[in-house]
Every structure is written in structure tokens, then in C-alpha cells.
Amino acid sequence: MRPGAYTEDVTYWAELVELYEYKVADALDGRVPRGGRRSLTELRDELLGAPLEPMLLRRMMECDRHYRNMFKSGHSTAILSRPAPKAVPEWSAPARADSPESQAWEELQRMAWHARLKTSLLDLAQLWSRETDRTALRVLYTVQENAEREGRSIGTRLPVPAAGDPLVSLHDAEVVARVASSFADLLLTEEGRTRVRTALSVTHEEPFARHPDEDVMAARLAAAERERLAPEARAALVAAVRAQYPQARDPRERPAIREAARQLQRTLDDLLAGAPANTMAGTPSHSILYALDPHSSLPAPDDGKDQLVIHLEGGQATHWRGMDLRWQPIGSNWQLQFGPHVVLLRSDLPPAERSVVMGPARTQIRAFVSGAYVLLSVDGRPEEEIGRLASKARAIALLLNAEEDYANLRLARAAAQIIRNGTIDTVALGAASAEKYASAAPETLIAFARKGVEALMARLQRSTPASAANSIHGAAERLGLDSERAIHLHEALHIATFTPEPLPSPVANTSVQLADTGEFRSVLLGQDPVTLRSGERALTLRLDYKGELAAVLPGHPAATLHDLLVVRVPGLSLLLVRQGTWLAAAALHDTGPSQATSPDTLKRTSADTSANQALRAPYDSKN
């Protein structure tokens, strides 16, 4: 068999089984299957004789059982005719570009871009302020001042100040910050950008004006130097001539100023390239929580994205990035509570001032308001945020390892109990308790392990490393587990709590080979699917019809990647973390003899339901 043929065959049959499930679901709902009843029958005959894997065969047999029961129960006539017209849902057009919701969306995007622009300009201004003569900073100040003067209809133009001019005070950090902020405010509107370009062009053409008597002074100095006098007398004559005229700027400074103006023009072009433009497309689909337009409505916040837009009048609360978010109207303004932090959003201020920063110092959120709409944007370092998710994913993968009857997961639960109340229920956390983990659905088990890791991380933040280590070692001793396992678990939890994992910068790629050493690979997400390969396995990430990122692995049910996902296969954990368009993935092989749960034990049965309900209980409870 050629390399990759096995994966291609599994993917082919998996897609046919999924198509069969869709067609049967249409038939059960009383709709004519796409392609007609004959296509459903032909597809069924094809799959019944196909070499399906056990997992796919079980899915096929389960779906076929429902199909046969439909005929036995006398509902076969339901698919012989088209459904009544009333069953056809009405089509709703997307929101127009001139609707209030679309206009609020565009204004919020402009304000968010303006905040990023202000940060970039401040960084550049601080960099230029460290130059010897601050030529670029003096050009920035001149362009900003002349653009504002044009807006106030002041005809007098300011020349580029001389280096070290005490009236400008460009050595002061507060002055530099005000110049960068005012320059960014000018770029918020199209009219301001035009004035900035005009001022920059004039500055490049004439950095500073020539003195009106400069030519006369030069001629008189030349004549004085030609006088037949003693050297001392000639020098005194030249000094006397110079004293009659003010000191002129050195003309050799003009080329350096013009080069700085060209540099500022290139920087300005790069900054304005990312500015949001007015379009006729309207609001994107699935982009606003509680939106008025169904086409724009976002079903639920995505923790993996670094922005969230909310229609405040459509609800009162939501949960995003691990914190509860609540709001209420205060007159024409809005009060917003993000966890324990409360801010007032004033919609009556100018656009450049309608933003506020809130949240803890490590994960600050910047809020922009436009009428009854708010945009929340992560105002921090994305490399640190995704690094923390990567460290947390390694700890979660450790708990999902099925080795020794889920020893790591049982040890983590025991440690949570002993930290909380000093006791351990050894009977509930014995080896027999691993049965409910093995029979639980993958998404339920992952959510349970993540909840446990986050609970232990919160407790580690409030205790000393020695105290946490003693608790985990005590729990391992009570469960009869070796101390090496306790050390490994404590190290993973400590790193997840305090140390973001350094990750490589993301690059655009649609096919990535994951390292066997467990290191993360970074990818810049776009509209095209991304395939992650580890050995013979291939996991594909692609956007589904709701705009969510789906992780598809042949032989496994599709899972949605928000900010973190761990996919378990025998002997291997695939770690996926995401921050906006930055995706990081790693293949983590089990270190010991793998007893990982096979897909056969993770099927949904009636026993799964009871196991899933047990895993929804508090993490350190007797369940």
C-alpha cells in the first residue's frame, strides 16, 4: 500500500457514512433526501458491502437500524412526497450595509483599529525619541501640528524645529505620547488623513524656509573675506557682518529631514493598509451576539477569538474567556461587569474616547461602544496568552492519559479534595472509578479534565509550591501511587499556572508535520483548511457552516476548537490551542506503556449518559 492510502480510504468511507446519516435524517424528518430515494437506497447497498472499520461499521449499523425501523413503524410514506409548503423556512436577507447594526459594526471595527494604530505609533515615537537628533520625531511633530492647524483654518505653517529646540520639548516622554496620540486621532477620519498627507508633502518639499536676507548675508560675508586686511582684522570684520543678521539654519539638514519624511510616508502607508474600509457587504454572518438580524447572530461566544461583539439590548449576560460578563443600561450609557471589574461605557463621547480597559493585568480587555453595541478586544500580548493555553493543554493531556486506570486524573481529583478539606474518598477514587472515564464521551471527559486542571491552578495560585507538592504527594500515597507520578503532576500544574510556554511565530501553511518530540508548531489560520500530520494520522481543521473551527480526525467524531482542544488516540494526545488566528499544535506521545482508551470504548450508549452526568458533578466531589 502506498503511503497515505490507508488514511485516504478511511476518509472516503467516513464521508460516505456521514452522507448516509444525513440522508436518513432527512427521511426520518419527512423530507425527500437530496438526490431522491433511489440515491439513498444505492448508497445503503454500497455501504453494506464496504470494508468499513469497526467504528464506521457501528455508525452505519446504528443509522441503518433507524432507517429500517421507519418502515416497520409505518412511516415510509412520509418520504414519498414533498413536505407541505409551511415546513419550508422563510429566507431572510442579510443586514444591509446602511442598517443601524451594520453601521455600528463598522464603527466598532474602526475604533478597534484606531486603538491598535495608537499603540503602534506610540512605539515608533518612543523609538525615534532615542535617536541623537530626533529627526523623524521632529517631522512627526511638524506634520501633526500643521495638519491640526489646517483643520482650524490657521494659515501660518510651522517649520521643522531645530534639534534640541527647548520650545518643543521632544525629550519629554509625556510630550512624545501626546504627539503620537494626536497623530493617530487625525488618521481616524478620511478628512484627517487627507490633511496629514498634505502636511507631510509640504514638509518634504520645504522642511524649513530660507531666511529672506540669506543671500545678502552670504554676499557681504564673501566680500568681507576678500578685504586686504590683517588676519585678525579680517576675522573681526566677518564677525561684525554676521552679527548684523540672525543665525540661519544649516542647509545640510534638509536632506536628512526629507529622508525622515519619506520614512514616515512609508510607515503611514503600512499603517493605513490595515484600516477597515466602508463596504456594501453589511455585517458578516455569525458575528454579533444577540444580534437583531438572524443572519448576523452569533450562537455563543468563542473563547478562541480575540474579539467579541455584543448587541447589549438583546441580552443581559454571557460567559467569555473564563469570566462572566453582565451589563445593564444607565440612562443612555451602559454599565459593564467583567468578572469583578465594573466599568461605565459612555456612548455620548467622541469615537476616539469611547473605549475603556478592564480586567486583570494579565488578561486585560478593551471595550469599545457604539450605541447599544460593544466590541470586546483582548488588549494584551497574544504570545503570552497562547503560551498559557499551551502549558494548560499539556496538563490536561496528562490527566487524559488512561495509563494505570487514569491514575493521573484520579490523583488530581484526590489532590483537589485534600487541598480543599484535608480528606480523600479513596473508595470513590479507586481503580474501579476509571470505568466511568473510559465510557464517557470524549468531549465530556476533556471538559471534566480541563475543569480539574483550572481548579487546581486556582488553588496553586493561593498556596506555596511546597504546600501544593505536599498535598499531591499525600494524595498519591493514599491512593497507592508512586511519588514519581506525583512529582510529574505537580510540575505540569506548576508550569500551567505560572509559566507560559514559548511558541514559535505563526506562519501561513495548510499542511504541517508535527514533531515527534512534542514541540508545538504555529500556524496562521486563514479561510483554507489546515491539515496536521503525526505519523500516519491526519487531523484537518476547517470552518463549518456556523463559522466555527471544526477538528476532523478519521474514525472520531468532529470536535469544535474554541481556544483549547485535546484529541486522544491510542498512545498519543494531539494538543490544539488557538488565540485569534494563531494556532499552535503538538503531538504528545505517552511516555509509559499506553493504555489509552480506544474509540470503541467511547461510543455513545445508555451507559455513556450516566457517566457523562457523573462527570458534570463538582470536580472534587465523590463522583
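Visitor: What makes the contact between arginine 157 and glutamate 206 a salt bridge?

Guide: A salt bridge requires a side-chain nitrogen of Lys or Arg within 4 Å of a carboxyl oxygen of Asp or Glu. The side chains of arginine 157 and glutamate 206 meet at 3.7 Å, N to O, and therefore meet that criterion. The pair links distant parts of the chain, 49 residues apart: arginine 157 is in the loop between α5 (135-151) and α6 (173-186), and glutamate 206 in the loop between α7 (190-205) and α8 (214-225). This is a predicted model, in which local features need pLDDT of at least 70 and side-chain atom pairs count only at pLDDT 80 or more, while totals for chains, interfaces and linings use all residues. Residues are numbered from 1 along each chain as its sequence is written, and side-chain values use heavy atoms, with hydrogens and water left out.

Visitor: Why is arginine 157 called partly exposed?

Guide: Buried means under 20% relative accessible area, exposed over 50%, and partly exposed in between (1.4 Å probe, protein chains only). Arginine 157 has a relative accessible area of 30%, so the residue is classed as partly exposed. Glutamate 206, at 36%, is likewise partly exposed.

Visitor: Why are arginine 568 and aspartate 590 called buried?

Guide: Arginine 568 has 14% relative accessibility and therefore counts as buried. Aspartate 590, with a relative accessible area of 15%, is buried too.

Notes
Helices (H or I, at least four residues) and strands (E, at least two) are DSSP runs, numbered from the N terminus.
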